[in-house]
Amino acid sequence: MAAGSDTTTRDVRLLPAALQKELKRIEADFTLDTAMLKKITERFVEELREGLEKPNQNLAMEATWVLGYPSGKEAGSFLVVDLGGTNLRICWITLKTNAQPTEMEQKRYALPASIKTATSDELWDLISDSVSDFIKEFKLHNGSSEPLPLGFTFSYPLAQDYIDHGKLKTWTKGFDIKGMEGEDIAAQFRSSLEKRKLPVKLVSVINDTTGAMIASAYLDPETIVGGIFGTGCNAAYMENVGSIPKLKTTLPKDTKMAINCEYGAFDNSHQVLPRTKYDIEICRESARPDEQAFEKMSAGLYLGEIFRLVMLDLHEQGLAFKGQNAFDELNQAFRLDTEFLSGMEHNTDKEIQARFEKTLNLKAGRDELVVSRRVAESIALRGARLCVCGIAAIIKKKGITKGHVAADGSVAIKHPGFRKRWTQAMGEVLDWPSNRTEDPIIMTNAEDGSGIGAAVISAMTIKRKNDGLTEGIKFEGSTK
Ligand code: GLC
């Protein structure tokens with residue numbers, strides 16, 4: 001079979017009857033039809049509203065203190081630290097005026113798996129040592145005695161009273177570092193930087209979704225939303241301050257404030273999302289079973305794990321990998337990542353067999369190949385369709401009719417079928433006419449948005465401070 005070719009109906013018909021029946025059941029369980037997508041979107045709109053209305057609702061709808069879109073004229077050099085779910089990235093970003101391309105030097109620092117359950121000191125040591133190493137390696141200075149302005153992208157739920165402050169509400173994406181929940185992580189970072197006497201000044205703390213939206217808007221005024229479809233799943237958009245009843249502020253009602261929805265937590269009370277037994281198992285096995293219900297069905301961290309649970313189930317029923325010992329590798333939680341899953345859809349039979357052999361020490365025969373392709377497709381398709389619901393809800397709530405959704409994250413950037421599936425489902429939810437000449441809502445590529453966005457937001461924050469518009473900025477220290 002050629003790379004990327006569909007498993008044909010004929011291939012499925014050749015499967016043993018019991019496996020065929022089970023595959024049908026699995027595919028039905030993972031199917032979300034248009035009516036279901038619309039139902040999920042309607043509930044999403046309600047949860048967005050509830051989160052803006054009052055504190056402590058299911059969707060946090062965090063005010064970020066990023067006020068309005070950038071002008072596109074922001075300029076200057078900024079250090080950016082971007083702590084994602086899988087990587088620590090440090091960048092030196094120079095924004096230029098007159099639409100000249102942004103310059104970026106960057107280095108990725110490995111995050112050992114053990115960091116996820118380390119202590120706060122261990123995390124800050126790792127980050128600050130990396131910052132120190134980066135400053136030395138790239139010989140950074142800004143030509144004055146002022147410290148280097150630093151933007152920090154911290155992509156976890158933060159309650160922010162100021163843009164340079166953020167209390168961690170709860171860890172997500174499998175992180176569980178002690179001594180940080182409920183604490184001001186900006187203060188912790190600042191004191192770790194100060195301990196090393198590093199010549200930097202923390203200017204802004206942002207979420208990756210806000211970063212994607214602002215980095216995109218810096219160049220593209222049609223940007224309406226920043227979405228991350230990666231290890232986690234979340235979006236940010238601009239809301240009028242007057243439409244955020246829970247926010248205490250003296251800002252005029254028509255001021256625009258970026259909202260980090262934190263919508264990975266959508267439907268934590270399980271009212272609308274149709275969960276399969278595999279989703280229920282993921283929640284049950286998770287360190288935080290009652291959190292991030294939506295993210296656990298749609299984000300990159302979990303897609304490979306859902307696939308693993310399905311294949312393990314088939315094996316336990318005697319329907320796949322018969323007579324092989326699948327219990328060592330296939331039984332290991334989070335053994336498979338999203339790349340493994342997308343490979344199932346896009347690699348040749350030979351490549352897939354090699355992957356099974358290498359990663360799981362299993363021999364995949366014809367039946368396993370047919371089933372894995374179909375299961376992988378069902379899981380990825382459901383994920384892409386779910387990812388539409390949160391964005392469609394924002395679009396509906398705001399009455400937006402056209403614009404660009406700036407997308408970043410490994411699933412959006414690396415999964416070859418994602419964009420097409422997402423666009424198809426968006427059309428179904430928003431009832432786009434079939435005779436349209438172009439799609440009103442288009443997903444655009446905001447790769448690196450979490451880094452560049454932090455630089456643009458730092459420039460906006462410094463300007464705001466210099467203009468005397470200081471609400472929402474603490475700005476301890478001297479950087480102007
Ligand atoms: C998780 C985090 C959220 C982040 C998203 C994408 O949902 O809680 O802050 O934006 O992952 O990285």
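Me: Where does Glu27 lie?
Reply: Glu27 lies in helix H2. Helices here are DSSP runs of H or I with at least four residues, strands are runs of E with at least two, and both are numbered from the N terminus. This is a predicted model: local features need pLDDT of at least 70, side-chain atom pairs count only at pLDDT 80 or more, and totals for chains, interfaces and linings use all residues. Residues are numbered from 1 along each chain as its sequence is written, and side-chain values use heavy atoms, with hydrogens and water left out.

Me: Is Glu27 buried or exposed?
Reply: Glu27 is buried, because its relative accessible area is 17%. Buried means under 20% relative accessible area, exposed means over 50%, and partly exposed is in between (1.4 Å probe, protein chains only).

Me: Which residues is Glu27 in contact with?
Reply: Arg374 and Ser378, leaving aside neighbours within four places in sequence. Contact means heavy atoms within 4.5 Å.

Me: Now the whole protein. How many helices and strands are there?
Reply: The protein has 15 helices and 13 strands. Its radius of gyration is 23 Å, close to the 23 Å that the globule rule gives for 480 residues, so the protein is as compact as a globular protein of that length. That radius is taken over C-alpha atoms, and the rule is 2.2 Å times the number of residues to the power 0.38.

Me: What box do the C-alpha atoms fill?
Reply: Roughly 75 × 50 × 40 Å, taken along the principal axes.

Me: How much of the protein counts as buried?
Reply: 58% of the 480 residues. The protein exposes about 20100 Å², and carbon and sulfur atoms supply 50% of that. Accessible areas come from the Shrake-Rupley method with a 1.4 Å probe; for residues, only the protein chains shown count as cover.

Me: What share of the contacts comes from residues 24 or more positions apart?
Reply: 73% of the contacts with a separation of 6 or more.

Me: On to the ligand. How many residues surround the ligand?
Reply: There are 15, and the closest are Lys173, Asn207, Asp208, Glu262 and Glu295. A residue counts if one of its heavy atoms lies within 4 Å of the molecule.

Me: Which polar side-chain atoms lie by an oxygen atom of the ligand?
Reply: Among them, one of Thr172 lies 2.8 Å from a ligand oxygen. One of Gln292 lies 3.5 Å from a ligand oxygen. Taken alone, the ligand exposes 310 Å², and the protein buries 98% of that.

Me: And the backbone of Ser155?
Reply: A polar backbone atom of Ser155 is 3.3 Å from an oxygen atom of the ligand. A polar contact is a pair of N or O atoms within 3.5 Å; within protein, one must be able to donate a hydrogen and the other to accept it, and residues adjacent in sequence count only if both atoms are side-chain atoms.

Me: Back to helices. Which residues of H7 are buried?
Reply: In H7, residues 277-285, they are Tyr278, Asp279, Ile282 and Cys283.

Me: Why do they line one face of the helix?
Reply: Seen down the axis of H7, the buried residues fall within an arc of 140°, so they line one face. The arc is that of the directions from the helix axis to the C-beta atoms.

Me: What covers them?
Reply: The cover includes helices H2, H8, H9 and H12.

Me: What about H10, how many of its residues are buried?
Reply: Seven of its nine residues, so H10 (residues 338-346) is mostly covered. Phe340, Leu341 and Met344 are among the buried ones. H9, H11, H12, H13 and H14 are included in the cover.

Me: Where does Leu336 lie?
Reply: Leu336 is in the loop between H9 and H10. Leu336 is buried, with a relative accessible area of 3%. Not counting residues up to four places away in sequence, Leu336 touches Gly304, Glu305, Phe307, Arg308, Thr359 and Leu360.

Me: Last one. Is Ala454 buried or exposed?
Reply: Buried, with a relative accessible area of 0%. Ala454 lies in helix H15, residues 449-466. Beyond residues up to four places away in sequence, Ala454 touches residues including Val80, Gly151 and Ser204.
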